[in-house]
Amino acid sequence: RVLQWRSLGNGLRRVAEVDSRYQRITLAEADEQYSLLLNSALWRTYPDPYQDARTAHLVLTQHPAPDHVLLLGGAAGGLPAEMLRHPVRSLTFVSLDPAVDRIIEPVLTAADFRALRDHRVRRYYQDPRRFVKTAPGSYDVIIVAAPDPSTALLNRLYTVDFFNELRRILAPGGLVAVGLSSESAYISQAAAAYNGALYQSLRRVFPHVLVVPGERN
């Protein structure tokens with residue numbers, strides 16, 4: 001493991017590492033910024049107040065009354081706290097791997113830690129697709145906050161079949177938010193095809209699709 005970490009040459013200092021039943025999870029640090037890596041691939045950084053605020057406020061302000069919100073695939077971080085700034089009545093947080101949250105919770109700010117224990121937050125650890133299939137209620141806003149579909153396991157959250165399942169549990173007038181990594185200065189042919197495939201899949205299910213560019217589309 002030491003040699004493998006050195007071979008990455010990322011300049012990060014490992015803080016914690018664990019093998020869960022699903023993946024190897026690494027928490028690394030540089031200049032008071034933490035990086036969460038899954039199977040040696042960077043997933044997200046923390047704290048990232050700009051991206052968390054951008055995601056939460058850009059999405060939730062698209063709905064006039066985001067009472068019930070479903071967050072799929074997200075890890076504990078700054079996003080729940082930003083979402084709870086809105087008049088949310090319930091925030092259902094579904095994640096496959098509880099080990100991801102356990103490894104990052106010790107470095108959360110006090111505000112982000114409190115948000116996870118807010119009375120409006122309900123956390124479930126199970127396969128997000130299974131949760132959606134059996135969800136008893138409906139949601140005004142659904143956010144798919146998963147890594148890019150780089151594996152077969154993740155790709156299951158970016159298919160037409162899954163989008164149809166999400167639409168089934170949307171309340172009238174509801175919305176779904178899903179994103180992919182982008183290239184801010186120049187969009188290569190590969191990136192265009194990658195993002196275009198998701199766009200066309202969404203268009204097959206939802207009557208209105210809005211693309212907001214940035215580090216993530």
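Contact here means heavy atoms within 4.5 Å. The model is predicted: local features need pLDDT of at least 70, side-chain atom pairs count only at pLDDT 80 or more, and totals for chains, interfaces and linings use all residues. Residues are numbered from 1 along each chain as its sequence is written, and side-chain values use heavy atoms, with hydrogens and water left out. Helices (H or I, at least four residues) and strands (E, at least two) are DSSP runs, numbered from the N terminus.

Strands count as paired if DSSP finds at least two bridges between them. Strand 1 and strand 2 pair in the antiparallel sense over six bridges. Ala 16 stands opposite Leu 27 of strand 2. Ser 20 touches Ile 25, Asp 97 and Ala 99, with residues up to four places away in sequence not counted. The side chains of Ser 20 and Asp 97 make a polar contact at 2.6 Å. Such a contact is a pair of N or O atoms within 3.5 Å; within protein, one must be able to donate a hydrogen and the other to accept it, and residues adjacent in sequence count only if both atoms are side-chain atoms.

Strand 6 (residues 90-95) lies between two partners in the pairing. Strand 5 (residues 68-72) pairs with strand 6 in the parallel sense over five bridges. Strand 7 (residues 121-125) also pairs with strand 6 in the parallel sense, over five bridges. Leu 70 stands opposite Thr 92 of strand 6, and Leu 91 stands opposite Val 121 of strand 7. Burial is set by relative accessible area: buried is under 20%, exposed over 50%, and partly exposed in between (1.4 Å probe, protein chains only). Six of the six residues of strand 6 are buried. In a regular strand the side chains alternate between the two faces of the sheet. Both faces of strand 6 are covered, with Ser 90, Thr 92 and Val 94 on one side and Leu 91, Phe 93 and Ser 95 on the other.

Two loop residues are also buried. Ala 76 is found between strand 5 and helix 3. Its relative accessible area is 1%, so Ala 76 counts as buried. Beyond four places in sequence, Ala 76 touches Phe 93, Asp 101, Ile 104, Glu 105, Leu 108 and Leu 116. The C-alpha atoms of Ala 76 and Ser 95 are separated by 9.3 Å. His 86 is found in the loop between helix 3 and strand 6. His 86 is buried because its relative accessible area is 14%. Leaving aside neighbours within four places in sequence, His 86 is in contact with Ala 56, His 57, Leu 60, Thr 61 and Arg 120.

In helix 8 (residues 160-168), Val 160, Phe 162, Phe 163, Glu 165 and Leu 166 are buried. Their cover includes strand 5, helix 6 (128-134), strand 8 (139-144), strand 9 (170-178) and helix 9 (189-203).
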